[in-house]
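Visitor: Please pick one part of this protein and go through it closely. Then connect it to the rest.

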Amino acid sequence: MTERRARGTSPGGRGDRRTSRSARSRPSPLDTPGRPTAAKRTTRRRPETATRKPSGKLERTEHTILGLSTGKAVILAAVLCGLALTLAVPTRTYFSQRAEAAALAEERAELDADLAALRDRRAQQQDPAYIRTEARERLRLVMPGETPYIVQVPGIEAPAPPPMSTRTAEPDPWYTDLWRSISEPAPEGP
């Protein structure tokens, strides 16, 4: 007859590779307080940039940007981008308001100059001597008792207006009349 194997043994006699719960709950002799447990060791990541020294030990080489590790450099870049975006709108507003204030100051200076010129003109027009000279030159008025003389020099008079053309206007094409009848409202009649 065939021999019956004991449960949990393999044909090679090495035993079952599965461990029981009680065996898993016992700490292994490799687990010491300063050393991580087997479960912790499996969850730890290895750095991607690890190289072996000739002595067999792993050596970590980290990439650095401006003296910072890659992760810290990325976080710093994100913070700087956030600050730049946060400050962009107030800075743009500040410069646009500065330009607007400069334009308004220039416009005010022009208006002040216009106001000063108008005040001078008003003071000038209130002077009776200025009023007399303007009445003589523009309106050709004379004071009572004076005799006005108008000198007419031949060839200085205004040129004659050009004669009106005797051409008759050509009628508009049919599509222009059609468009006018559509676009213009019909005259209201009784």
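Guide: Start in helix 3, where Asp112 and Arg108 sit 4 residues apart, about one helical turn. (Helices are DSSP runs of H or I with at least four residues, strands are runs of E with at least two, and the numbering starts at the N terminus.) The side chains of Asp112 and Arg108 form a salt bridge, 3.8 Å from N to O. (That term needs a side-chain nitrogen of Lys or Arg within 4 Å of a carboxyl oxygen of Asp or Glu.) Asp112 is partly exposed, at a relative accessible area of 41%. Arg108 is exposed, at 57%. (Buried is under 20% relative accessible area, exposed is over 50%, and partly exposed lies in between, with a 1.4 Å probe and protein chains only.)

A word on what you are viewing. This is a predicted model, in which local features need pLDDT of at least 70, side-chain atom pairs count only at pLDDT 80 or more, and totals for chains, interfaces and linings use all residues. Residues are numbered from 1 along each chain as its sequence is written, and side-chain values use heavy atoms, with hydrogens and water left out.

How far can helix 3 be trusted? Look at pLDDT, the predictor's confidence in each residue, from 0 to 100. Among the elements of the protein, helix 3 has the highest mean pLDDT, 94. At the other end is helix 2 (residues 38–43), with the lowest mean, 48. Over residues 38–43 the pLDDT is below 50, and beyond near neighbours in sequence this stretch has 3 contacts in the model. (A contact means heavy atoms within 4.5 Å.) Where pLDDT is low, the predicted coordinates should not be read in detail. For the whole protein, the average pLDDT is 77, and 65% of the residues score at least 70.

Stay with helix 3, residues 70–125. What packs against it? The buried residues of helix 4 do. Helix 4 covers residues 128–137, and its buried residues are Tyr130, Glu134 and Ala135. Looking down the axis of helix 4, these buried residues fall within an arc of 135 degrees, so they line one face of the helix. (The arc is that of the directions from the helix axis to the C-beta atoms.) Across the protein, 2% of the 190 residues count as buried.

Now the rings. By the pairing rule, the model has 2 aromatic pairs. Tyr94 and Phe95 have ring centres 5.2 Å apart and planes at 65 degrees, so this pair is edge-to-face. (Rings of Phe, Tyr and Trp, with the six-membered ring for Trp, pair if their centres lie within 6.5 Å; planes under 30 degrees apart are stacked, over 60 edge-to-face, and the rest tilted.) Tyr94 is partly exposed at 45% relative accessibility, and Phe95 is partly exposed at 47%. Trp174 and Tyr175 also make an edge-to-face pair, with 5.7 Å between centres and 85 degrees between planes. Trp174 is exposed, at 64%.

Back to the charges. The structure holds 5 salt bridges. One of them joins Glu146 and Arg136, whose closest N and O atoms are 3.0 Å apart. Glu146 lies in the loop between helix 4 and helix 5 (174–183) and Arg136 in helix 4, so the pair ties together parts that are 10 residues apart in sequence. Glu146 is partly exposed at 37% relative accessibility. Arg136 is partly exposed too, at 38%. The loop between helix 4 and helix 5 also holds Arg140. Arg140 is not a glycine, yet its phi is positive, about 55 degrees. Arg140 is exposed at 64% relative accessibility.

Move on to helix 5. Asp177 and Arg180 form a salt bridge there, with the closest N and O atoms 3.7 Å apart. Both lie in helix 5, 3 residues apart, about one turn of the helix. Asp177 is partly exposed at 42%, and Arg180 is partly exposed at 38%. Asp172, Asp177 and Arg180 are linked in a network of salt bridges.

Finally, step back. The protein has 5 helices and 4 strands. From the N terminus on, the order is α-α-β-β-β-β-α-α-α. Of the contacts with a separation of 6 or more, 0% join residues 24 or more positions apart. The protein exposes about 19,200 Å², and carbon and sulfur atoms supply 58% of it. (Accessible areas come from the Shrake-Rupley method with a 1.4 Å probe; for residues, only the protein chains shown count as cover.)
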